[in-house]
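Please read the following explanation alongside the sequence and the structure. It goes from one part to the next in plain terms.

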Amino acid sequence: MPSYQSLKGAHGQRAWWEWGEYAQYSYAAAHREEFAEETAFWEFVQFVFFSQWEEIKSFAKEEGVSIIGDMPIYVARDSCDLWSNLPLFLIDAKTLSPQKVAGVPPDYFSEDGQLWGNPLYDWDAMKADGYRWWVDRIGMAFRCYDIVRIDHFRAFASYWSVPAEAKTAKEGEWVEGPGHALFEAIAAAYPDPAILAEDLGVFGEDVVELLEFTDFPGMRVIQFGFDPDSNSTHLPHNYPQNCIAYAGTHDNNTLLGWLWEATPAQRQFALDYCGFEGKGDSWSAGGYQSASCRKILEAVWRSPASIAIASLQDLCGFGSDARMNVPGVPEHNWLYRAAEETLDHIDSAYYTKINRLFSR
């Protein structure tokens, strides 16, 4: 089989549906020899990458560090995953265009929802072969990581389906997902799989039930809890033990950035809840010893959650300029980088102290 990259190069990096006859996987498979040299190169590139990754993973294991891999639930339209498995997606076989695409309805992050545009799975077709594609995908992830976090887990219970021609995600509808059957197939291949469920966003009883069935830990994000008018499930006193507690995820502002941008009522509630005793606007001070950020981190650390996670930016007390990502905004994200000097200035003695204090 010619590699996806070799075919993409031969067609000027155009998307696979613009490859003429080679857009048909079966046709491309019959012409492997034409791309043998280029395919061998990309196979070598992957060999080098995975060899290097295995060294990193082995070193981490020796140091007692487990690696969590983040798996997006959907794949890109212009991807090898889709091109080589077309019957498993809601793609028109003649036009090669998506019939329905992925997104989420209006929520905390966006009043129009988020129109991701990824083609949706044909779950009936996947069920017919025992969810082989998903079992293989999970298996590969377990080769690379110790734990796999599946993004947008709620779509396995029910997912937001948007017409391909829609301009915003508002035009979608909820459709039932694969539910128990998928995870029964995964468990048959990988008993007791180490999976974390990203269960944020618009919720429902079907998601709650699926989480209970799988017994995967879900997520709690303290920033979502600071509503003075509700007893949110994201406040640490409401966390179950079987969850992962976050100060903030890659989609959130930094803690300091959140404090600056919160309403006065939200900010005061957060400071009171976390036991901040500073006066006046002392909450606004950032940096490696930021007292307000530390109090929020300590509230996460003392929760009953089995694992607590904070971003590097929050360990440093950085503001919004160090934010990783703004959901629904396509540009200028994922640009944050940390220098060695930044790491050297983190107060490791303080984090060692709270880890010991709260048995982390």
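Arg-132 is partly exposed, with a relative accessible area of 38%; buried means under 20% relative accessible area, exposed over 50%, and partly exposed in between (1.4 Å probe, protein chains only). This is a predicted model, in which local features need pLDDT of at least 70 and side-chain atom pairs count only at pLDDT 80 or more, while totals for chains, interfaces and linings use all residues. Residues are numbered from 1 along each chain as its sequence is written, and side-chain values use heavy atoms, with hydrogens and water left out.

The side chain of Arg-132 meets that of Asp-136 in a salt bridge (3.6 Å, N to O). A salt bridge here is a side-chain nitrogen of Lys or Arg within 4 Å of a carboxyl oxygen of Asp or Glu. Asp-136 and Arg-132 are 4 residues apart in helix α6 (residues 132-144), so about one helical turn separates them. Helices (H or I, at least four residues) and strands (E, at least two) are DSSP runs, numbered from the N terminus. Asp-136 is partly exposed, with a relative accessible area of 43%.

How many salt bridges does a search of the whole structure find? The search finds 11. One of them joins the side chains of Lys-170 and Asp-112 (3.4 Å, N to O). Lys-170 lies in the loop between β5 (158-163) and β6 (173-176), and Asp-112 in the loop between β2 (100-104) and β3 (114-119), so this pair ties together parts that are 58 residues apart in sequence. Asp-112 is partly exposed, at 32% relative accessible area.

Another salt bridge is formed by the side chains of Arg-294 and Asp-347 (2.8 Å, N to O). Because Arg-294 lies in helix α11 (residues 291-301) and Asp-347 in the loop between α13 (340-345) and α14 (348-357), the pair ties together parts that are 53 residues apart in sequence. Arg-294 counts as buried at 15% relative accessibility, whereas Asp-347 is partly exposed, with a relative accessible area of 22%. There is also a network of salt bridges, which links Asp-70, Arg-149 and Asp-151.

Strand β4 pairs with strand β1 (residues 68-71) in the parallel sense, over 4 bridges; two strands pair if DSSP finds at least two bridges between them. Within this pairing, Gly-69 stands opposite Val-148 in β4. Strand β4 is also joined to strand β7 (residues 195-197) by 3 bridges, and these two strands run parallel. Here Ile-150 stands opposite Ala-197 in β7.

Next comes Asp-199, in the loop between β7 and α8. Is Asp-199 buried or exposed? Asp-199 is buried, with a relative accessible area of 5%. In sequence Asp-199 and Ile-150 are 49 residues apart, and in space they are 9.0 Å apart, C-alpha to C-alpha.

On the surface, Glu-176, Glu-205, Asp-206, Glu-209 and Glu-212 gather in a patch of negative charge. Patches are made of residues with over 30% relative accessible area and no salt bridge; like charges are joined within 9 Å, and nonpolar side chains (Val, Leu, Ile, Met, Phe, Trp, Tyr) within 5 Å. Helix α8 (residues 205-214) gives the most to the negative patch, with 4 residues. Glu-212 lies in this helix, α8, and is exposed, at 60% relative accessible area.

A nonpolar surface patch of about 400 Å² is made by Phe-41, Phe-44, Val-45 and Phe-47; accessible areas come from the Shrake-Rupley method with a 1.4 Å probe, and for residues only the protein chains shown count as cover. Val-45 is placed in helix α3 (residues 36-62) and counts as partly exposed at 32% relative accessibility.

Trp-334, in the loop between α12 (312-316) and α13, has a phi near 60 degrees, a positive value in a residue other than glycine. Ser-359, in the segment after α14, also has a phi near 60 degrees. Most residues other than glycine have a negative phi. Trp-334 counts as partly exposed at 45% relative accessibility, while Ser-359 is exposed, with a relative accessible area of 67%.

Methods: Lys and Arg count as positive and Asp and Glu as negative; His and the chain ends are not counted. The place of a charge is taken as NZ of Lys, CZ of Arg, CG of Asp or CD of Glu.
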